[in-house]
Amino acid sequence: MSYNTSAAGSGSRNTTRTFEFGRTHVVRPKGKHQATIVWLHGLGDKGSSWSQLLETLPLPNIKWICPTAPTRPVAIFGGFPCTAWSDVGDISEDAPDDLEGLDASAAHVANLLSTEPADIKLGVGGFSMGAATALYSATCHIFGQYGNGNLYPVNLSAIVGLSGWLPCSRTLRNRMERSDEAARRAASLPILLCHGSGDDVVAHKHGEKSAQALSSAGFRNLTFRSYNGLGHYTIPEEMDEVCNWLTTRIGLEGPRS
């Protein structure tokens with residue numbers, strides 16, 4: 001599926017970049033369908049890598065949708081093309097954000113969720129750059145619009161970010177102070193962030209600062225978990241935390257089996 005960025009939600013065609021998204025993998029719920037979560041892979045990965053892991057989790061009431069990012073030149077790799085939800089040149093609070101790429105990926109995620117039944121709770125999660133894109137989707141949800149001003153069409157009930165960071169963190173608090181509705185949505189949106197202290201790709205301090213930025217902006221329903229010695233990967237203990245958190249925050253029914 002392709003997106004040109006100004007067309008996401010507006011129908012306009014006057015844009016310079018088109019994003020061709022890769023294959024989407026779906027893990028169907030084994031029990032009663034109560035929630036759908038789009039899970040976003042990290043830089044250079046693909047959706048199938050995570051669908052295989054998510055299928056093993058004891059969460060029978062969740063449908064997982066695992067898309068694959070577009071292949072594009074990425075500045076942090078000297079312009080070498082790989083799958084990426086947006087361009088990134090440096091992972092830091094001062095680095096410029098690729099709003100066009102972030103908007104296109106957030107619109108792709110919203111489109112995947114938009115056809116789910118009305119009684120199904122919706123969420124976005126991800127690893128590394130996928131976590132960053134999930135957090136960007138969270139900000140689109142609470143403001144009700146993408147960075148380009150187009151309407152954000154879905155209501156999110158949960159956000160999970162593993163080993164990631166918060167895009168656009170410098171402007172978040174000021175934007176929040178101008179909108180009572182955004183503040184209300186932020187206060188009630190459950191967010192789980194997990195990060196390893198030994199992460200040498202996205203340093204633990206970036207995850208910690210992202211959590212602090214969200215908290216100071218009014219995201220009160222936020223949980224931050226650190227894992228001593230964990231590098232830039234996931235472990236069973238971390239995924240157990242995700243399972244328990246989702247079961248509690250989304251209010252899933254039935255036994256975990």
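Two strands pair if DSSP finds at least two bridges between them. Helices (H or I, at least four residues) and strands (E, at least two) are DSSP runs, numbered from the N terminus. In S5, Trp64 is the bridge partner of Val27. Three bridges join S3 to strand S5 (residues 62-66), and the two run antiparallel.

This is a predicted model: local features need pLDDT of at least 70, side-chain atom pairs count only at pLDDT 80 or more, and totals for chains, interfaces and linings use all residues. Residues are numbered from 1 along each chain as its sequence is written, and side-chain values use heavy atoms, with hydrogens and water left out.

Now the whole sheet. Seven strands form an open sheet with mixed pairing, in the order S3-S5-S4-S8-S9-S10-S11. Strand S3 (25-27) and strand S11 (222-227) stand at the edges, each with a single partner strand, so one side of each has no neighbour in the sheet. On average, neighbouring strands are turned by 15° against each other, direction ignored. Axes here are lines fitted to C-alpha atoms, for helices over the stretch in contact, and angles run from 0 to 180 degrees between N-to-C directions.

Follow S10 next. Six of its six residues are buried (under 20% relative accessible area; exposed is over 50%, partly exposed in between, with a 1.4 Å probe and protein chains only). Ile191, Leu193 and His195 lie on one side of S10, and Leu192, Cys194 and Gly196 on the other. S9 and S10 pair in the parallel sense over four bridges. Leu162 stands opposite Cys194 in S10. Six bridges join S10 to S11, also in parallel. In S11, Arg225 is the bridge partner of Cys194.

Helix H6 (residues 204-217) holds Ser210. At 7% relative accessibility, Ser210 counts as buried. Ser210 touches Trp165 and Leu166, not counting residues up to four places away in sequence; contact means heavy atoms within 4.5 Å. The C-alpha atoms of Ser210 and Gly164 are separated by 8.5 Å, though the residues are 46 apart along the chain.

Two other helices lie across strands. H3 lies across S4, S8, strand S9 (158-162) and strand S10 (191-196), at about 145° to S8.

Last, a helix pair. Helix H3 (residues 129-143) and helix H5 (residues 180-188) pack at about 130°, with their axes 8 Å apart. His141, Ile142 and Phe143 of H3 meet Ala182, Arg185 and Ala186 of H5.
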